[in-house]
Amino acid sequence: MILNLLSVVLIVAGLVFFFGASVGVLRFPDFYTRMHAAGKGDSLSSVLILAGFAVQQLHDLSLGSLLVAAKLMAIGVFIALTSPTSTHALMEAGYDDGMKPWGHGKGGESQ
Amino acid sequence: MYRTLIFLLLMVLWVIFSGQFDAFHLGLGVLSAGFVTWISSDCWFEDRQRGLGARLTEAWAMAGYTLWLSWQVVVANFHVLYLSLHPRSLELLKPRVVLFKTTLKSDFAKYVFANSITLTPGTVTIMIMDDQFLVHAISRKTAEALPGEMEARVAAAFDNHHKEEAG
């Protein structure tokens with residue numbers, strides 16, 4: 001019961017952050033600011049959802065279920081390591097390509 | 001010797017994660033562990049002279065830093081949530097590109113610092129050129145916070161152990 005509640009809270013929190021990231025990707029004005037939303041929103045929300053799954057596994061406490069929970073958390077660690085790296089690679093590609101950052105200059109275009 | 005150790009380490013990981021002990025799955029494990037050892041074993045431990053004590057100190061510092069960073073990641077996500085759901089979010093955004101010099105010496109510390117910048121509120125690393133960091137910040141406040149407390153923490157956790165590589 002408590003485990004169920006905890007897992008649901010974790011998964012819903014993850015979904016809320018995912019929602020924020022998606023809305024950010026749609027609403028933010030340019031490539032760079034959208035990457036801010038995509039790059040940060042992903043990591044925490046996926047880890048939260050995976051943690052929720054891991055908690056579900058702990059209903060019947062055995063070596064097998066603990067192993068599954070540990071594997072789920074390992075996926076979380078890999079996402080946390082690779083997500084900023086790929087964000088950075090995309091940002092660098094955009095910058096190398098001469099993408100102008102959006103700003104509050106005249107006409108609302110690049111400053 | 002060193003390569004065999006790396007291979008065995010990877011193989012143990014494979015067995016734990018796969019949990020299958022038939023010839024097919026173990027064979028796949030040998031193939032992949034062998035391949036990963038072949039392409040990347042040189043990058044695992046750059047400096048093989050350091051003792052276990054130094055490694056443990058480093059691991060401990062890393063654990064402390066990871067905890068602090070996790071908290072920063074949570075703050076970052078609330079920041080993105082606030083910005084993206086705010087009715088006039090365009091007025092809150094004041095993006096700018098910041099160039100600054102870092103005092104970090106080792107490549108690994110720079111890598112950790114760059115990834116940490118990307119994970120925390122309002123800043124994303126665009127590129128590292130030697131000791132110059134090019135960072136995109138989403139607002140004035142986050143731009144002014146650079147490099148700040150994080151660089152000091154990265155230096156304390158990762159750079160002190162690499163002093164012999166400095167220069």
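# Briefing: chains A and B

α3(A) is followed by A:G98, a residue with a positive phi near 80°. The model described here is predicted. Chain A is built from 3 helices and 0 strands, while chain B has 7 helices and 3 strands. The contact between them draws on 30 residues from chain A and 28 residues from chain B.

**Chain A overall**

- Read along the sequence, the elements of chain A follow the pattern α-α-α.
- The C-alpha trace of chain A spans about 60 × 25 × 10 Å along its principal axes.
- The radius of gyration of chain A is 18 Å, whereas a compact globule of 111 residues would have one near 13 Å.
- Buried residues make up 33% of the 111 residues of chain A.
- Among the contacts in chain A with a separation of 6 or more, 62% join residues 24 or more positions apart.

**Helix α3 of chain A**

- α3(A) has 34 residues, and the distance from its first C-alpha to its last is 49 Å. This is close to the 50 Å expected at 1.5 Å a residue.
- The buried residues in α3(A) are A:G76, A:A80, A:S83, A:P84, A:T87, A:H88 and A:M91.
- The cover over these buried residues of α3(A) comes from both chains: it includes α2 of chain A, and also α5 (107-119), β2 (123-129) and β3 (132-137) of chain B.

**The side of chain A that touches chain B**

- The contact takes 30 residues from chain A. On that side, α1 (2-27), α2 (31-57) and α3 (63-96) of chain A each supply at least two residues.
- α2(A) gives the largest share of the side of chain A that touches chain B, with 10 residues.
- By class, the residues on this side of chain A are 14 nonpolar, 12 polar and 4 charged.

- A:G20 lies in helix α1 of chain A.
- A:G20 has 23 other C-beta atoms within 10 Å and is therefore buried, the cut-off being 20 or more.
- Leaving out residues up to four places away in sequence, A:G20 touches A:G41 in its own chain, and B:V80, B:L81, B:S84 and B:L85 in chain B.
- The C-alpha atoms of A:G20 and A:S45 are 9.9 Å apart in space, and the two residues are 25 residues apart in sequence.

**Chain B overall**

- From the N terminus on, the elements of chain B run α-α-α-α-β-α-β-β-α-α.
- Of the 167 residues of chain B, 27% are buried.
- In chain B, 66% of the contacts with a separation of 6 or more are between residues 24 or more positions apart.

**Packing of α5 and α7 in chain B**

- The axes of α5(B) and helix α7 (residues 148-159) of chain B come within 10 Å and cross at roughly 145°.
- The crossing of α5(B) with α7(B) is right-handed.
- From α5(B), the residues in this contact are B:F108, B:A109, B:V112, B:F113 and B:S116. They meet B:M150, B:E151, B:V154, B:A155, B:F158 and B:D159 in α7(B).
- The contact of α5(B) with α7(B) comprises 8 nonpolar, 1 polar and 2 charged residues.
- α5(B) is also among the elements that cover the buried residues of α3(A).

Key: Residues numbered from 1 in each chain as written. Chains lettered and ligands numbered in written order. Predicted model: local features only at pLDDT ≥ 70, side-chain atom pairs only at ≥ 80, totals over all residues. Contact = placed C-beta atoms within 7 Å. Helix = DSSP H or I, 4+ residues; strand = E, 2+ residues; numbered from the N terminus. Nonpolar A, V, L, I, M, F, W, Y, C, P; charged D, E, K, R; others polar. Rg over C-alpha atoms; globule rule 2.2 N^0.38 Å. Buried ≥ 20, exposed ≤ 12 C-beta atoms within 10 Å, placed from the backbone. Expected span 1.5 Å × (residues − 1). Axes fitted to C-alpha atoms, helices over the stretch in contact; angles between N-to-C directions. Left-handed = near helix turned anticlockwise from the far one by under 90°.
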